[in-house]
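Q: Hi! I've got a model open on my screen and would like to talk it through. Could you walk me around it?

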Amino acid sequence: MKKSSGSGASIIAYLPAGRAMPELLTICMLQKLRCRLAGPEDFERTVEDLLLQRSGDGEESEPETGKEAGKEPMLILCNLSGAAMNRFLSELRKRGQYVPLKASLTETNRTWKLSKLYRALCMEHQSMTGENI
């Protein structure tokens, strides 16, 4: 049996505790993108589990020692064409929604936990801008 690829265009939005982005949901609705919200409780789940809305490996997911959930929002753009990605990002900017941590879904990062992707994006952001997140 072939695994579902979650091929529909969608956004996974990691929102830290206490953060809301109603504009994000509006943009997704207007552009007919599915939006999967993830919070700190999802930080140790894989991107693919979130994309496919699977519960994970069946075990309670406790953060690994020394790790804590990210404090900044993060967007994962899944299965968007180049044009759709540009429309989405342009609308996000137009509505004043600043999200420095963004990634496209890849065959490599789809199996990563959100925490690993978050750390990788933080390191990339720091190397490109000199700003720590």
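A: Happy to. Let's start at the end of a helix: α3 is followed by Gly96, and the phi of Gly96 is positive, near 70 degrees. Keep in mind that this is a predicted model.

Q: Which residue comes after α4, and what is its phi like?

A: That one is Gly130, again with a positive phi, near 80 degrees.

Q: Okay, zooming out. How many helices and strands are there in the protein?

A: There are four helices and four strands. Starting at the N terminus, they follow the order β-α-β-α-β-α-β-α. The protein has 133 residues, and 40% of them count as buried.

Q: And how far apart in sequence are the residues that make contacts?

A: If you take contacts between residues at least 6 apart in sequence, 74% of them join residues at least 24 apart.

Q: Back to α3, then. Which of its residues are buried?

A: Ala84, Phe88, Leu89, Glu91 and Leu92 are the buried residues of α3. They sit on the same side of α3, because they cover an arc of only 160 degrees around the axis. On the other side you'll find Asn86, Arg93 and Lys94, which are exposed.

Q: What do those buried residues of α3 pack against?

A: They pack against β1, α1, β3 and β4.

Q: How does the span of α3 compare with 1.5 Å a residue?

A: It agrees: α3 has 13 residues and should span 18 Å, and its end C-alpha atoms are 18 Å apart.

Q: What about α4, how long is that one?

A: α4 has 16 residues and reaches 22 Å from its first C-alpha to its last, close to the 22 Å expected. Its buried residues are Leu114, Ser115, Leu117, Tyr118, Leu121, Cys122 and His125. Their arc around the axis is only 160 degrees, so they lie on the same side of α4. Met123 and Ser127 are exposed on the face turned away from that buried side.

Q: Which elements does the buried side of α4 meet?

A: The buried residues of α4 pack against β1, β2, α2, β3 and β4.

Q: Let's talk about the core. Which residues have the most contacts inside the largest nonpolar core?

A: Those are Ile12, Val47, Met74, Ile76, Leu114, Leu117 and Tyr118, in a core of 18 residues. The elements that give two or more residues to this core are β1, α2, β3, β4 and α4. Of these, α4 gives the most, with five residues.

Q: Pick one for me: what does Leu117 touch?

A: Leaving out residues up to four places away in sequence, Leu117 touches Val47, Met74, Ile76, Ala103, Asn109 and Trp112. There is also a second, separate core of 16 residues, which includes Ile11, Cys28, Phe88 and Leu92.

Q: Switching to the strands. How many residues of β1 are buried?

A: Five of its five residues are buried. Ser10, Ile12 and Tyr14 point one way from the strand, while Ile11 and Ala13 point the other way. In a regular strand, side chains alternate between the two faces of the sheet.

Q: Do tell me about the neighbours: which way do β1 and β2 run, parallel or antiparallel?

A: β1 and β2 run parallel, joined by five bridges.

Q: Last topic, backbone angles. What is phi for Lys32?

A: It is near 55 degrees, a positive value in a residue other than glycine. Most residues other than glycine have a negative phi. Lys32 lies in the loop between α1 and β2, and it counts as exposed because its relative accessibility is 75%.

Q: Where does Asn79 lie?

A: Asn79 lies in the loop between β3 and α3. Asn79 is not a glycine, yet its phi is positive, about 60 degrees. At 34% relative accessibility, Asn79 counts as partly exposed.

Technical notes
Residues numbered from 1 in each chain as written. Heavy atoms only, no water. Core = buried A, V, L, I, M, F, W, Y, C linked by side-chain atoms within 4.5 Å. Buried < 20%, exposed > 50% of the residue type's maximum accessible area, 1.4 Å probe, protein only. Contact = heavy atoms within 4.5 Å. Pairing = 2+ DSSP bridges. Expected span 1.5 Å × (residues − 1). Arc of directions from axis to C-beta.
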